[in-house]
Amino acid sequence: MMPRLLTPPITDLERAFTSLDSSERMVLKLRAGLIDGHRHSLREVGVFLGATRSEARSLEWQSWQKLEQLAREDEDSREAVSYLLKRCAGRNAGKRTLS
């Protein structure tokens, strides 16, 4: 039996990200540290996007809503979304769970 990969295949992550618009995708990538290895605060994300912290939080919330819906509909995406949740652990998004 092959050992289970710690991260989902890149194609699953990319498929999950395609359900998001570019701003939503960037918010999650920055928050999860997938861009530069550093997990960014909402304030940092807002500065990067030219938005307020509140607008960045709203985009993050919309992103998680879309990804949770995708995870309910697609088993492959569920693993990718779970991985993103774990990457965002310690942030507000890390308190979310998939139902």
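**Figure 1. Leu28 and its neighbours in the predicted model.** Leu28 touches Phe17, Leu20, Glu60, Ser63, Trp64 and Leu67, leaving aside residues up to four places away in sequence.

**Figure 2. The largest nonpolar core.** This core holds 16 residues. Leu28, Trp64, Leu67 and Leu84 have the most contacts inside it. Which helices give two or more residues to this core? They are H1 (10–18), H2 (22–32), H4 (53–73) and H5 (75–87). The largest share, five residues, comes from H5.

**Figure 3. Helix H2 from end to end.** Next, look along the helix. Glu24, Val27, Leu28, Lys29, Leu30, Arg31 and Ala32 are buried in H2. Gly33 follows H2. The phi of Gly33 is positive, near 75°.

**Figure 4. Lys29 over a ring.** Lys29 is one of the buried residues of H2. Where does Lys29 lie relative to Phe17? Lys29 lies over the face of Phe17, at 5.0 Å from the ring centre. Phe17 also touches Leu28. What about rings paired with rings? A search of the whole structure finds zero aromatic pairs.

Figure 5. Side chains of opposite charge can pair when their charged atoms come close. Arg31 and Glu60 form a salt bridge, and their closest N and O atoms are 3.0 Å apart. Arg31 sits in helix H2 and Glu60 in helix H4, so the pair ties together parts 29 residues apart in sequence. Are these two residues buried or exposed? Arg31 has a relative accessible area of 3%, so Arg31 is buried. Glu60 has 5%, so Glu60 is buried too. Glu60 is also among the residues that Leu28 touches.

Figure 6. The side chains of Lys66 and Glu24 meet in a salt bridge, 2.9 Å from N to O. Lys66 is in helix H4 and Glu24 is in helix H2. The pair links distant parts of the chain, 42 residues apart. Lys66 counts as partly exposed because its relative accessibility is 35%. Glu24 counts as buried because its relative accessibility is 2%.

**Figure 7. Arg15 and Asp74, a salt bridge from helix to loop.** The side chains of Arg15 and Asp74 meet in a salt bridge, 3.5 Å from N to O. Arg15 belongs to helix H1. Asp74 belongs to the loop between H4 and H5. The pair links distant parts of the chain, 59 residues apart. Arg15 is partly exposed, with a relative accessible area of 35%. Asp74 is partly exposed as well, with a relative accessible area of 22%. How many salt bridges are there? The count comes to three.

**Figure 8. The chain behind the close-ups.** The chain has five helices and zero strands. From the N terminus on, its elements run α-α-α-α-α. Of its 99 residues, 37% count as buried. Now take contacts between residues at least 6 apart in sequence. Among these contacts, 56% join residues at least 24 apart.

Methods. Residues are numbered from 1 along each chain as its sequence is written. This is a predicted model: local features need pLDDT of at least 70, side-chain atom pairs count only at pLDDT 80 or more; totals for chains, interfaces and linings use all residues. Side-chain values use heavy atoms; hydrogens and water are left out. A nonpolar core is a set of buried Ala, Val, Leu, Ile, Met, Phe, Trp, Tyr and Cys residues joined through side-chain atoms within 4.5 Å. Buried means under 20% relative accessible area, exposed over 50%, partly exposed in between (1.4 Å probe, protein chains only). Helices (H or I, at least four residues) and strands (E, at least two) are DSSP runs, numbered from the N terminus. Contact means heavy atoms within 4.5 Å. Rings of Phe, Tyr and Trp (its six-membered ring) pair if their centres lie within 6.5 Å; planes under 30 degrees apart count as stacked, over 60 as edge-to-face and the rest as tilted. A charge sits over a ring if NZ of Lys or CZ of Arg is within 6 Å of the ring centre and within 35 degrees of the ring normal. A salt bridge is a side-chain nitrogen of Lys or Arg within 4 Å of a carboxyl oxygen of Asp or Glu.
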